[in-house]
Amino acid sequence: MPELPARADVVIIGGGIVGCSVAYHLTKRGCRDVVLLERRQLTCGTTWHAAGLVGQLRATHNLTRLAQYTAGLYAALEAETGQATGFHQRGSLALATNAERFEELRRGASMARCFGLEVEVLTAPEAARLWPLMDAHDLVGGVFLPKDGQTNPIDTAQALAKAARAGGARIFENVRATGIRTENGEVDRVVTGQGEIRATHVVNCAGMWARDIGGWTDVTIPLHAAEHFYIVTEPIDGLPPHLPSLRDPDHCAYFKEDAGKLLVGWFEPEGKPWAAGGIPESFCFGQLPEDIDHIAPYLEKATRRVPLLGKAGIKLFFNGPESFTPDDRYILGETPEVRNLFVAAGFNSIGIQSAGGAGKVLADWILDGHPPMDLWDVDIRRFHPFQRNRRYLFDRTTESLGLLYAMHWPFRQPETARGVRRSTLHDRLAARGACFGERAGFERPNWFAPAGTVPAYRYSYGRQNWFDLAAEEHKAAREAVALFDQSSFAKFVVEGPDAEAVLSRISANDIAVAAGRIVYTQWLNSRGGIEADVTVTRESETRFLVVSSCATQTRVLAWLKRHIPAEARAVAVDLTSAYAVLGVMGPDARALLQRLSAEDLSAPAFPFGASRIIDIAYARVRASRISYVGEVGWELYIPTEFAPAVYDAIVAEGESLGLRHAGYHAMDSLRMEKFYREWGHDITEEDTPLEAGLGFAVAWGRNRDFIGRDALLRQKEAGITRRLACFALQSDAHLLYGNEPIWRDGALVGRITSGAFGHSVRQPLGMGYVGNGGAALEERDILSGSFEIEIAGDRVPASPSLRAFHDPAGTRLRS
C-alpha cells in the first residue's frame, strides 16, 4: 500500500462521484496538494448503483444553475480525459396527469428560461409522439428538456478521478479515516488506520456515512439513508435506443432506456429508512434485500404507463441505499462549528446530476474563502443541532424520499417529525385555531381558522383555503390591531467592554447609538454582499441585543462569533429560547398597550426605533417600537416563563378593540406591500445594499471601517447594474411565488425573488432584481418600459415601483 503523505492542503474523505468532483475542481484551480481517502473502493457506497439521470431543471434558481453546469461538464469530460463516461444528451420528458401538476411543470419551464435552458411545453399528443411506448390516455401535457442527459455513474466518477490524478491529486483506496482532530476551532489533521495526515482543509464527502463522521467533531450533518428501488428488464426487442428519460411523478416513477433494456425506478410517498443503528462497516457495492410487497403497487402503475413493461422479464430487482436530508436539499459548505471543515453530502438521489456543480462551487469556496454564488438553498448553516437527532431523521426520511416526485405546492408543510420546537404559547394559539407551519423545526402560526373549521391546508397554485382568512388578519393589522407570535426570532446578546467595537466592525449601519435605540442594519461580506439582515438594540453601554429570523439562527451566530477577535473583551450568547416575542401591531396597538402599562407610549415619548423595559401584567418586558408589517406597533420580548400571563392580559384587554390573532401569511402580505425585504429571498450574500435599495441603512462616515465598506464605495462610484424593484400585477387572476421571469419591452431582465397578494392594494405583488445587461442602471431604466411577469408560460402585465405600494413615506409606521 502506498505511503500516506504527512500533510496535505486538502484532504477529502469519500470517493464517490462528489468527492471525485471536488478533487477534480480543486486541481483545475491549481491546487495540487490534494489527498482523497476512500475506505474501500471508489464509488462503492451509493454512486455505483445510481440511475445516472442528469436533469438540469431543479426546484430553485441556484440548484438549477448548479445542475446546468454539471450537464455541461459531463458533456465534455470524455474528450478531456479519454475515459468513457456513457454520457448522452437524450433529453427528459416530465408528464402531468392533472391541471395542478401541469401548472407546476409550466412554472418550472418558465423558470428554466431565466437560465437559457432549452425547454418545450407539450400537449398530451405531442408527449405521446416523443415517447411512443407509453399509454398517454390520462395525460394533460408534459415538459421536454432536450439537453438533459444520462450517464454511467461509475465511469463518470472514474473520469473525474483520472483528471484529478493528472492534476496532482493523490487518491488512496482502502484507507479508512477514523477521526478528525481540531486545534483552536480549526481542523488540524485526519486520523486513519495507516497514520495521520495534517491538513489545512478537510472535506467530508462521505455520503451516508457523513453524519457519523461529523460526530467526530460535534458537527451537525443531518442525513439518513433510505432504501431506493428500481428494476431492470430483460432486453426488449424494438426498444428505441435514444428515448429521452421519462418522469411520471404522479405515479412516482422514472423510466430510462439502458442498453436495450428498460430501467424503472420509484420515489414512493412512504420511504423506508435504512441502517438507523449504523451502516455496517463491511458495506461495499452492497445491495439490500428485495421488498416486492413494498414496491408492487408502483410497479403496477408503471406497467399501466408503459404496457410493454408487463410483457418484459425482469432481469434485476435492485434495492440500494441513498442518503436524504430533512428538507430534501443537499448539504454544502464550511461547517459553522469547525473552521476549514467542509461538507458535500446528503444528495437525496440527485448526486449524479449535482456532483459537477457542487464540486466546483465547493472548490471555489475552499480556495477563495467564500462561496462563488448564493448557496443558501444548500448551505449547511441552515440546519440546527437538534436535526442530528436520530429519531427525528428516521421519521422525516419516511417522507423525504417521496418528496422528489410529490407536488411542490406553495407553502407545503412537512407532515413528519413535527412539534420539535414550540413557543410557550403554542397551546393557547392552537385553542384559537392556529394552523401551524414549520420553519427550522419551529411550529409557527401561519393562519387562524374560525371556530368549527379544521385548521389544515388545502393546497393549490391559486388562492388556497386560508386566503380570505389571512386577508382578514391583514386587515386587522392595517385598520385595528393584530397579535403575532414572533417567538421564533433568533436572539443573541453581545456583551462586554468591546461589544460596540465588535458590532461596529460587522454592521453597515451605525450601532454606536444611545441605550434604548434600535438600529436596522445588514452585515456584509468583503464583497459588499449581505450575509445577515438584523436589528441591533443597544440595551446598555456594554450590552446589545441582535435579532434575526429563525431560519438564519445558526448562520448569524456563526458569523458573529467568527468576527469577534480573540483579544476582544466581548462574548456572544444565543438567547433564542429565553424569550417569547409578541408583536402587537396596528393603528390601535398604542391604545391597547396603554391600557396595560403605565409607561407613556405616545409618539413623542416612545418614538419609532425606541426600546425600553416596561411593565405589562406582572412582568417586566422589553418593548421595542419596530415593525415588519409597516404599522405602529411594538415587539414585546418577554422572559419565557412570564409570556403566558402577558399574552392572556393582552388578549383580554384587546377584545373590545377588535384584536385579531394573525399569522405569518398575513405578515408576508403586509411586508410585501411595504417593500420589506426577506433575507434568503430578496437579499442574499450575492446582493449588496445598493442593489437592494437599502442604502439608507448604510452609515458611510469616514471614521467607520465596517466589513464591505470598500466594495460598496467602489460600486457606488461605478454605478449599480441591477436593482431590486417591487411589482404589482395588473391582473388578480395569478399569484407570484418566486422565480417567475421578468420581461421588459420583450427582453428578459430578471426574476421574481418573492411574492404575495397585497390585500390592502388588492393586487398580487412581487419583488425582483432588474438588470441592464451589465451596464450602469438608472432609475428611469426601471420605471420606464413595458413590464410583464411570466407565470406558467403566460406573460402578465405588471407595474414596477421603487417605493412601497402602501404608505411609501412611512407616516403610519411613525405615527
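**Close-up views of a predicted model**

**View 1. Helix 2 meets helix 5.** Here the axes of helix 2 (residues 61-81) and helix 5 (residues 153-166) come within 10 Å, crossing at roughly 55 degrees. That makes helix 2 oblique to helix 5, since angles under 35 degrees count as roughly parallel, over 145 as roughly antiparallel, 65 to 115 as roughly perpendicular and the rest as oblique. The crossing is left-handed (the near helix is turned anticlockwise from the far one by less than a right angle; clockwise would be right-handed). On the helix 2 side, Leu73, Tyr74, Leu77, Glu80 and Thr81 meet Thr156, Ala159, Leu160, Lys162 and Ala163 of helix 5, where contact means heavy atoms within 4.5 Å. The axes are lines fitted to C-alpha atoms, for helices over the stretch in contact, and angles run from 0 to 180 degrees between N-to-C directions. Helices (H or I, at least four residues) and strands (E, at least two) are DSSP runs, numbered from the N terminus.

This is a predicted model, so local features need pLDDT of at least 70 and side-chain atom pairs count only at pLDDT 80 or more, while totals for chains, interfaces and linings use all residues. Residues are numbered from 1 along each chain as its sequence is written, and side-chain values use heavy atoms, with hydrogens and water left out.

**View 2. Helix 2 again, this time with helix 8.** The axes of helix 2 and helix 8 come within 7 Å and cross at roughly 100 degrees. That makes helix 2 roughly perpendicular to helix 8. Look for Leu66, Ala67, Tyr69, Thr70, Leu73 and Tyr74 on helix 2; their counterparts on helix 8 are Ile352, Gln353, Ser354, Ala355, Gly356, Gly357, Lys360 and Val361.

**View 3. The largest nonpolar core.** This core has 62 residues, and Ile12, Leu26, Val203, Tyr330, Leu332 and Leu362 have the most contacts inside it. Helix 8 (residues 351-368) gives the largest share, eight residues. A nonpolar core here is a set of buried Ala, Val, Leu, Ile, Met, Phe, Trp, Tyr and Cys residues joined through side-chain atoms within 4.5 Å. Buried means under 20% relative accessible area, exposed over 50%, and partly exposed in between (1.4 Å probe, protein chains only). Zoom in on Leu332 and, leaving out residues up to four places away in sequence, its contacts include Val343, Ala358, Leu362, Trp365 and Ile380. A second, separate core of 36 residues includes Val11, Ile213, Ala225 and Val343.

**View 4. Strand 2 and its covered faces.** Five of the five residues in strand 2 (residues 34-38) are buried. Val34, Leu36 and Glu38 point one way and Val35 and Leu37 the other way. Strand 2 runs parallel to strand 1 (residues 7-13), joined by four bridges; Val11 has Val35 as its bridge partner. Leu36 counts as buried, with 0% relative accessibility. Among its contacts beyond four places in sequence are Ile12, Cys20, Ala23, Leu42 and Phe172.

View 5. Six strands line up in the order 29-30-31-28-22-32, with mixed pairing (two strands pair if DSSP finds at least two bridges between them). Strand 29 (611-616) and strand 32 (660-661) stand at the edges with a single partner strand each, so one side of each is left without a neighbour in the sheet. Strand 28 (residues 579-585) and strand 31 (residues 633-639) run antiparallel and share seven bridges, and Tyr579 stands opposite Pro639. Helix 14 (residues 589-596) packs on the sheet, touching strand 28, strand 29 and strand 31, and its direction makes about 40 degrees with that of strand 31.

**View 6. Helix 14 crosses helix 15.** The axes of helix 14 and helix 15 (residues 643-654) come within 10 Å and cross at roughly 120 degrees. That makes helix 14 oblique to helix 15, and the crossing is right-handed. Leu592, Arg595 and Leu596 of helix 14 make the contact with Ala649, Ile650, Glu653 and Gly654 of helix 15.

**View 7. Two loop residues with positive phi.** Most residues other than glycine have a negative phi. Ser349 has phi near 70 degrees and sits in the loop between strand 18 (341-345) and helix 8. Ala417 has a positive phi of about 50 degrees, in the loop between helix 9 (390-400) and strand 19 (421-422). Ser349 is buried at 18% relative accessibility, and Ala417 is buried at 17%.
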